[in-house]
Structures are given as C-alpha cells and as structure tokens.
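Open the model in your viewer and keep the selection tool at hand. The stops below say what to select and what is there.

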Amino acid sequence: MSTSGAEPESAPDQRPQPPAEQPEPEADIDVLVVGGGPTGLAAALAAARRGRSVRLLEASGGLGGMAAGLTVAGQRVDLGSHRLHPSAPPRVRALIEELLGPDLQSRERNGRLRLGERWVAFPLRPVDLVTSVPPGFALAAARDVATGPLRRPRTDSYAEVVRAGLGPTALRHFHGPMAAKLWGRDPDTLSGELARKRVPVRTGRDVAAKVVAGARSHNRRFLYPRLGYGQITDALAAGAEQSGAELEVGSRVEHLRPGSDRVEVEWGTRGRRRRIRAGRVLWTAAPESLIGVLPPQIVPPRPPPVEHRGLVLVYLAVAGRPYTNYDAHYVPNGDVVFSRLSEPANYRDGPDPDSLTVLCAEIPCTRGDGLWRADIDILRRLVLDGLARLELPPPSVHTVEIRRLPKVYPVLTVDQAGDRRRWLNAVAAVDGVTVVGRQGRLVADNLHHVLDMGLSAVDCLGDDGTWDHRAWARAEARFESFTVED
Ligand SMILES: Cc1cc2nc3c(=O)[nH]c(=O)nc-3n(C[C@H](O)[C@H](O)[C@H](O)COP(=O)(O)OP(=O)(O)OC[C@H]3O[C@@H](n4cnc5c(N)ncnc54)[C@H](O)[C@@H]3O)c2cc1C
C-alpha cells in the first residue's frame, strides 16, 4: 500500500458540468465513505463489521492520508513525527491493539526542545528546571505560576490565551515563536481557539502539576507500531477489506445528489465514470471539496476564506544509527527552517538496519510560497544549515526525499473562527451527508481523535439506514473537548 502524501486539490467554484450521459448505476450500498485517511478507514471498517455494505473512495493513489507510512532508503518512516498517545479512548486503543497485536509497542518519550541556545528535555521534567533551562527562565516561569491568578486574556487571541494561562515567559520563549513558525502569523492575530485546542495546560498550577507528573516514567510513555505508524492505517485498510468493504484509490467524486432516502454519487476512476446510490455518505475530505460536487440549488454559502499551512517534509537517510538518541527535536527558533526533526527508528524496536537512519525535518510553509516550491538541493542545504545552527552533528547524507502536505494547520485568525463555524454548520445540514474527520474541523486533531470520530459516525447509523441526529450532535459536542497532543 502506498502513501497518499498530499490532499488532492479541489476548487469550490469550479463545479463540474452535468454529464451528457450518465453511467449505469451499480447496486445500492448502505455507506459511501469519501477519503481513505484514518477517519475514513475506521468508519469503513466499523460499518463493514456491522454488516453494512460499504464503498470507500480515495482520490489519491494510496490509503492512509496524513498517517500513512512510506519507505525511504529501505526504512519505514512517517509523514512527520507521529506517535499514538496513551490517552486514546479505550475503544480506539482496543481496536488498534486488536489489529496490531504485539507489534504495538509502548515506549518512553525521549524528545527535547530548544530554548534559546540550550536543549531541554521535552516533556519537561523537574530536574531540567534546575539543570538545563536557560538562566533566568526557571525563575521567570516560577513567577508566572505565582502571578497566574491575576492574569486574564485581554483578547481571544492565541498569544493572550497562552500569556494568561501559562504566562509571558512560556509565550516568549516557546509557544509564541512556535505558533508563528507553524501558522506563519503573529500569535496576536491567531484565534484563541487554536491555543485552547493545542496547549493542554491552562494555568500555572497545571504547568507545575504536569512537570511533576513528567518525572514519572509511566507518564512519559507513548505507543508506536514496530513497523512504523503507517502500520495502523495499513491494518485498518486490511481489516476493512476482510470485513467486506470495497476500497478504491484514484477515485474522485464528481457529483453528489442528495435524494429523499438515498444520495446519488458519481465518480471517476482511471477515466471510467461510475454511479451508485448510498444510504449515507461519510465525507472525510475537506468540506470545501464537498460543496464543489453538490447540485447548485443546495450548495451552502461560499466558504469564508481559510488558509491552510502545509509542511514540506525533508527526509535525509544518513550513515550510522542512531544519529542522536532522541526521538524528536522541537525547534521554535526562527533562524532554523524546520519546526521538528524526528528519527523514526528511535520510536520503535523494529527491523531497522544498523548502517543508516532516516531523519525527517518538518518545514512549515504555505502551498505555493518559496519554501513550498524549493527544490531538493535547496531544501537539503536548508536542513543541514539548521542542524549546524542547533549544534547537531554534521550527518553523512546518502539519500534525500521530499514529500509535501498542503493542508496541515488551518490558519484561524481572531476574527474568522465564528464565520468558519457558522459555515461548517451550514455544510452539516446537507441531507444524507456527514462531514467527519480532521479536514472538516477547525483544529489539527490527533489520530486517536479522528478514529473516535469515524467510529462514532458509524454508531449513528441505524439498522434501517436512518441517521441518529441526536447521537451525532452529542458526539460532536464531545469532539469539541478534544485537546491536541504533541
Ligand atoms: C506532521 C504531522 C504529525 C502528526 N503527528 C501526530 C501524532 O503524533 N499523533 C497523532 O495522534 N496524530 C498526529 N497527526 C495527525 C494525524 O495524522 C491526523 O489526525 C489524521 O491523519 C487525520 O485523518 P483524516 O482521515 O481525518 O484526514 P487525512 O489524513 O487528511 O485523510 C483525508 C483523506 O481524504 C483524501 N481526499 C481528499 N480529498 C478527497 C476527495 N475529494 N475525494 C476522495 N478523497 C479525498 C486525502 O487524499 C486523504 O487520504 C499528525 C499529522 C501530521 C501532518
């Protein structure tokens, strides 16, 4: 199975013209899933296991979405640093454990982050506050904890939510520069919602509790498959197929016509046009692409313009293993082009060669900008320059590969969050279609969250093909409480 690696383009205002001749309809099905990332695969698997007839259409050439795996220089790697968090809801964890068996390993986190000119263990441990944080930082952070109850956010911006909660020191040294790097915006202009979803601690007391908890090794653990993170989506896809779901790659929906009891869907696969009627469509691709295929009379209002930040992933296969003993390096510094550097072989005890290791540098950028378009030699030079600035060893590189992900971080500015939410509600009102998964939401959710969403969507499908709107509203309210974990 190959990786999709990038979400296909879709322009809402370029609706395809109705076809002159419609293809013969195929036999009706219960569920049509659009998008073969983790959300779509989990939904297809769960629905097929309940005896529903399921078809999944994935536009790119491979399954797995942003959680897919790929092979670089003979080593399995991920699309950026991925780990499964032990906070996964019990049924999500049970499903992955069932699918992967002993291949799902529990590991201790061993990351570090750059604070000024120093490396500090990440997640932070109490001992680091004394031994490795820059002089003055621990004192200022302790003062922020003490004065926390006196601070209130002055506006609903990312910067203010972090300043009021964690304090000005954490904002200045880590969260502010990291947000500016990931979203390409001053954190004063970004919506506070992004901070609430990503910064899991709200007050100085929370920080202190988290640092103390971080001293215990069981709180520092994560789960990871022996053969790379893509093993999860590979197993979901295999499980879905074994249960009878039909998974098609290279298949793009062209028209979607909601009817009184069924949704008629037309799509193209390798130049062939197909048609089917489904009891329910679970749309896990971006909602903007859904409105591009609906009939003009039911198209919800135009989406408010929301930019997405993407990532260019630069993989360097370097001689010798390990390059460092760390799994990931987090780099907020503005003079280094990447925000994170990971070494996938350090996430697992797997069948990886000793002679080389692969590093993955995540470079935040916007589709079409200079970094997005930079060629492989420039990207390689930029990453090597970053390693030198961070005083990491100069690697002996023998292979470089690049992947580009266009839609990773939705850029929500202070004044946009309300409009976007209203628009998503209008999209949600389309009969017979449910938008589910990361692409339809305002935040960059974790894998365990989107698997929960896929499974929850299937829970709302009645035996008679009905959709339980109330149960879905309750599930969506629960999704709102999710906090993204790094
Ligand atoms: C760099 C990075 C690091 C991450 N780290 C972690 C981590 O450590 N832990 C964690 O839990 N999560 C992590 N995540 C998040 C995780 O990868 C996502 O939550 C998950 O992949 C989202 O799944 P999805 O199915 O909702 O969306 P996607 O993965 O985006 O899948 C959507 C699918 O729909 C397809 N598609 C798009 N348009 C169409 C169309 N018109 N028709 C048909 N198909 C279409 C796309 O090709 C894609 O395959 C990370 C993500 C990134 C990018």
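Select Tyr-224 first: this residue is buried, with a relative accessible area of 0%. The model is a predicted one. Tyr-224 belongs to strand E8 (residues 221–225), while Tyr-347 sits in the loop between strand E15 (340–342) and strand E16 (356–365), so the contact ties together parts that are 123 residues apart in sequence.

Keep Phe-222 and show Arg-83. Arg-83 lies over the face of the Phe-222 ring, 4.6 Å from its centre. For a second case of this kind, go to Trp-119, where Arg-114 lies over the ring face at 4.9 Å from the centre.

Next, select helix H9, residues 230–242. H9 has 13 residues and spans 18 Å from its first C-alpha to its last, close to the 18 Å expected at 1.5 Å a residue. Which residues of H9 are buried? They are Gly-230, Gln-231, Ile-232, Thr-233, Ala-235, Leu-236, Ala-237, Gly-239 and Ala-240. After the helix, pick Gly-244, which follows H9 and has a positive phi, near 110°.

Now turn to the charged side chains. Side chains of opposite charge can pair when their charged atoms come close. The model has 43 salt bridges by the rule applied here.

Select Asp-459 and Arg-91, whose side chains form a salt bridge with an N to O distance of 3.0 Å. Asp-459 is in helix H14 (residues 447–459) and Arg-91 in helix H2 (residues 90–100), so this bridge ties together parts that are 368 residues apart in sequence. Are the two partners buried or partly exposed? Asp-459 counts as partly exposed at 37% relative accessibility, and Arg-91 counts as partly exposed at 35%.

Move to Arg-257 and Glu-266, which meet in a salt bridge at 2.8 Å, N to O. Here Arg-257 is partly exposed, with a relative accessible area of 25%, whereas Glu-266 is buried at 0%.

Then select Arg-478 and Asp-452, a salt bridge at 2.8 Å, N to O. Arg-478 lies in helix H15 (residues 469–480) and Asp-452 in helix H14, so the pair ties together parts that are 26 residues apart in sequence. Arg-478 is partly exposed, with a relative accessible area of 34%, and Asp-452 counts as buried at 3%. For a set of linked bridges, select Glu-193, Lys-197, Arg-421, Arg-441, Asp-445 and Glu-480, which salt bridges with shared partners join into one network.

The next stop is the nonpolar interior. In soluble globular proteins, nonpolar side chains tend to be buried together. Which members of the largest nonpolar core touch the most other members? Among its 119 residues, they are Leu-256 and Trp-283. Helix H1 (residues 38–49) gives the most to this core, with eight residues.

Centre the view on Leu-256. Leaving aside neighbours within four places in sequence, Leu-256 is in contact with Val-263, Glu-264, Val-265, Val-281, Trp-283, Leu-290, Val-293, Leu-294, Pro-295 and Val-433. Another core, of 25 residues, lies apart from the largest one; Val-314, Val-318, Ile-363 and Ile-402 are among its members.

For the last stop, select Val-400 in strand E17 (residues 397–411). Val-400 is buried, with a relative accessible area of 16%, a value that falls under the 20% limit for that class. Not counting residues up to four places away in sequence, Val-400 touches Val-314, Tyr-315, Leu-316, Ile-376 and Arg-380. Finally, draw a distance from Val-400 to Leu-63: the two are 337 residues apart in sequence and 23 Å apart in space, C-alpha to C-alpha.

Notes. Residues numbered from 1 in each chain as written. Predicted model: local features only at pLDDT ≥ 70, side-chain atom pairs only at ≥ 80, totals over all residues. Heavy atoms only, no water. Helix = DSSP H or I, 4+ residues; strand = E, 2+ residues; numbered from the N terminus. Expected span 1.5 Å × (residues − 1). Buried < 20%, exposed > 50% of the residue type's maximum accessible area, 1.4 Å probe, protein only. Salt bridge = Lys/Arg side-chain N within 4 Å of Asp/Glu carboxyl O. Lys NZ or Arg CZ within 6 Å of the ring centre and 35° of its normal. Core = buried A, V, L, I, M, F, W, Y, C linked by side-chain atoms within 4.5 Å. Contact = heavy atoms within 4.5 Å.
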